[in-house]
Amino acid sequence: MREKLRQWRRILVRLFAVGFGMLLALIVAYRFVPVALPNVIIERYVEAYAQGNFAFSARHDWVSSDQIASAMKLAVIAAEDQRFAENFGFDWDAIRKALQHNERGRSVRGGSTITQQTAKNVFLWGERSWLRKGLEAGITVLLETFWSKERILTVYLNSIEFGPGIFGVEAAAHHYFHKPASRLTSREAALLAAVLPNPIRYKVQAPSGYVVRRQQWILRQMRQLGGTATVADL
């Protein structure tokens, strides 16, 4: 019996080592090559097909960092993670405030940084669970270790969802504004960032009062952070 337990432990250790090695190899590779198919896109296809929506099609066009307007980079930092340049993938103050908010009310607020969201969108799945959060934390540390802040932000902007079937800032810029991501204005960038809490519920093309107010708040935060010069040193 003990021998069988030792054998199972050895098998599990080997499986973990192989899985970790494959993940690490993928992270190192993505430091240099485009992320052609983030997990969030695969998840949306599975959800659509499970509901019988076989017409679902995702639009996703990878662009490099220099093909993304500085205003867009600043807008998501202002909206999602204002300590992005300083933190190591975790904003403990934001996490504490999110936990306090969730304890007081029924709505659920996240405290995830841009790096954590990148880990989830590229490698994991969207459903909340302790397993996913644990894996997300581990991958976040690896991303902060092996990728630069500029690379994290580039992959993030290429993998986030901006609406049904619209993934990445280049696809969003063409779909909503008929221009490349490199030509987005501050107002357009702030509007795109304003829907990120829930890009299925909130609309870029028909923004609600909440989205418009959030867009204006993001624009103010962008100015307070120092403008686009803030992202030049990432």
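**Reading burial, contacts and helix faces**

Reply: We may begin with contacts. Leaving aside residues up to four places away in sequence, Lys149 touches Phe84, Ala85, Asn87, Gly89, Thr115, Glu144 and Leu234. The model is a predicted one.

Me: Is Lys149 buried or exposed?

Reply: Burial is read from relative accessible area, and a residue under 20% counts as buried. Lys149 has a relative accessibility of 15%, so Lys149 is buried. Its place is in helix H7, which covers residues 149-159.

Me: How many residues lie between Lys149 and Leu74 along the chain, and what separates their C-alpha atoms?

Reply: Lys149 and Leu74 are 75 residues apart along the chain, and their C-alpha atoms are separated by 13 Å.

Me: Where does Ile77 lie, and which residues does Ile77 touch?

Reply: Ile77 belongs to helix H3, residues 70-80. With a relative accessible area of 7%, Ile77 is buried. Beyond residues up to four places away in sequence, Ile77 touches Gln82, Phe84, Ile114, Leu153, Leu225, Val231 and Leu234.

Me: Which residues form a nonpolar patch on the surface?

Reply: Such a patch is formed by Trp8, Ile11, Leu12 and Leu15, which together have about 460 Å² of accessible area. Leu12 is in helix H1, residues 2-30. The cut-off for an exposed residue is over 50%; Leu12 has 54% relative accessibility and therefore counts as exposed.

Me: How is the length of a helix checked, with H10 as the case?

Reply: The expected span is 1.5 Å times one less than the number of residues. Helix H10 has 16 residues, 209-224, and should therefore span 22 Å; the end C-alpha atoms of H10 are 23 Å apart, which agrees.

Me: Which residues of H10 are buried, and which are exposed on the other side?

Reply: The buried residues of H10 are Val211, Arg214, Gln215, Ile218, Leu219, Gln221 and Met222. They cover an arc of only 165° around the axis, so they lie on the same side of H10. Arg213, Arg223 and Gln224 are exposed on the other side of H10.

Me: What covers the buried residues of H10, and which residue with a positive phi follows H10?

Reply: The cover over the buried residues of H10 includes H3 and helix H9, residues 186-194. H10 is followed by Gly226, which has a positive phi near 110°.

Technical notes. Residues are numbered from 1 along each chain as its sequence is written. This is a predicted model: local features need pLDDT of at least 70, side-chain atom pairs count only at pLDDT 80 or more; totals for chains, interfaces and linings use all residues. Side-chain values use heavy atoms; hydrogens and water are left out. Helices (H or I, at least four residues) and strands (E, at least two) are DSSP runs, numbered from the N terminus. Buried means under 20% relative accessible area, exposed over 50%, partly exposed in between (1.4 Å probe, protein chains only). Contact means heavy atoms within 4.5 Å. Patches are made of residues with over 30% relative accessible area and no salt bridge: like charges are joined within 9 Å, nonpolar side chains (Val, Leu, Ile, Met, Phe, Trp, Tyr) within 5 Å. Accessible areas come from the Shrake-Rupley method with a 1.4 Å probe; for residues, only the protein chains shown count as cover. A salt bridge is a side-chain nitrogen of Lys or Arg within 4 Å of a carboxyl oxygen of Asp or Glu. The arc is that of the directions from the helix axis to the C-beta atoms.
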